[in-house]
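Here is a quick walk through a protein model, from the overall build down to single contacts. Have the sequence and the 3D view open as you read.

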Amino acid sequence: MGRKMAKKNNSSKEVLAPMEHTHSNFFNKIDHLYDALNNLHYEGKISFGKNIKVIEDVVKYFKKQVYPHSLI
């Protein structure tokens, strides 16, 4: 008979918790992106330019800081 594999019951919070300190800037950028997208949806034209700027800044960060790591 084959060996049974141990079942992992890690929640996403348990997996991400150790990374919060070392990757805090990354998580902050994701929070900014989430907020800007929500604001863009609900605020409409009032803060359109501000929200687009935040989104562009986060995308630039991902292209510069995160994307190169995905190439490894």
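What does the accessible surface of the protein come to, and what percentage of that surface belongs to carbon and sulfur atoms? The answer is about 6800 Å², with 59% of that surface belonging to carbon and sulfur atoms. These areas come from the Shrake-Rupley method with a 1.4 Å probe, and for residues only the protein chains shown count as cover.

A word on the ground rules. This is a predicted model, in which local features need pLDDT of at least 70 and side-chain atom pairs count only at pLDDT 80 or more, while totals for chains, interfaces and linings use all residues. Residues are numbered from 1 along each chain as its sequence is written, and side-chain values use heavy atoms, with hydrogens and water left out.

**Overall build and confidence**

The protein has four helices and zero strands, giving the pattern α-α-α-α along the sequence. Helices here are DSSP runs (H or I, at least four residues), as are strands (E, at least two), and numbering starts at the N terminus. Of the 72 residues, 10% are buried; that word means under 20% relative accessible area, with exposed meaning over 50% and partly exposed in between (1.4 Å probe, protein chains only).

As for pLDDT (the predictor's confidence in each residue, from 0 to 100), the average is 80, and 71% of the residues score at least 70.

**The aromatic cluster**

Searching the whole structure turns up three aromatic pairs. Rings of Phe, Tyr and Trp (its six-membered ring) pair if their centres lie within 6.5 Å; planes under 30 degrees apart count as stacked, over 60 as edge-to-face and the rest as tilted. Two of the pairs are listed here.

| Pair | Centre to centre | Angle between planes | Type |
|---|---|---|---|
| Phe 26 and Phe 27 | 5.5 Å | 75° | edge-to-face |
| Tyr 61 and Phe 62 | 5.8 Å | 55° | tilted |

Those four residues, Phe 26, Phe 27, Tyr 61 and Phe 62, form one aromatic cluster. Is Tyr 61 buried or exposed? Tyr 61 counts as buried, at 16% relative accessibility, whereas Phe 26 is partly exposed at 25%. Tyr 61 also has Lys 29 lying over its face, at 5.3 Å from the ring centre. For that to count, NZ of Lys or CZ of Arg must be within 6 Å of the ring centre and within 35 degrees of the ring normal.

Side chains of opposite charge can pair when their charged atoms come close. The whole structure has one salt bridge, a term for a side-chain nitrogen of Lys or Arg within 4 Å of a carboxyl oxygen of Asp or Glu. Lys 53 and Asp 57 are the partners, with their closest N and O atoms 3.1 Å apart. Both sit in helix H4, four residues apart, about one turn of the helix. Lys 53 is partly exposed at 48% relative accessible area, and Asp 57 is partly exposed too, at 32%.

**Two more spots to look at**

Ser 47 is in the loop between helix H3 (24–43) and helix H4 (48–70). Ser 47 counts as buried because its relative accessibility is 15%. Its side chain makes a polar contact with the side chain of Glu 43, at 3.0 Å. A polar contact is a pair of N or O atoms within 3.5 Å; within protein, one must be able to donate a hydrogen and the other to accept it, and residues adjacent in sequence count only if both atoms are side-chain atoms.

Asn 28 belongs to helix H3 and is partly exposed, at 40%.
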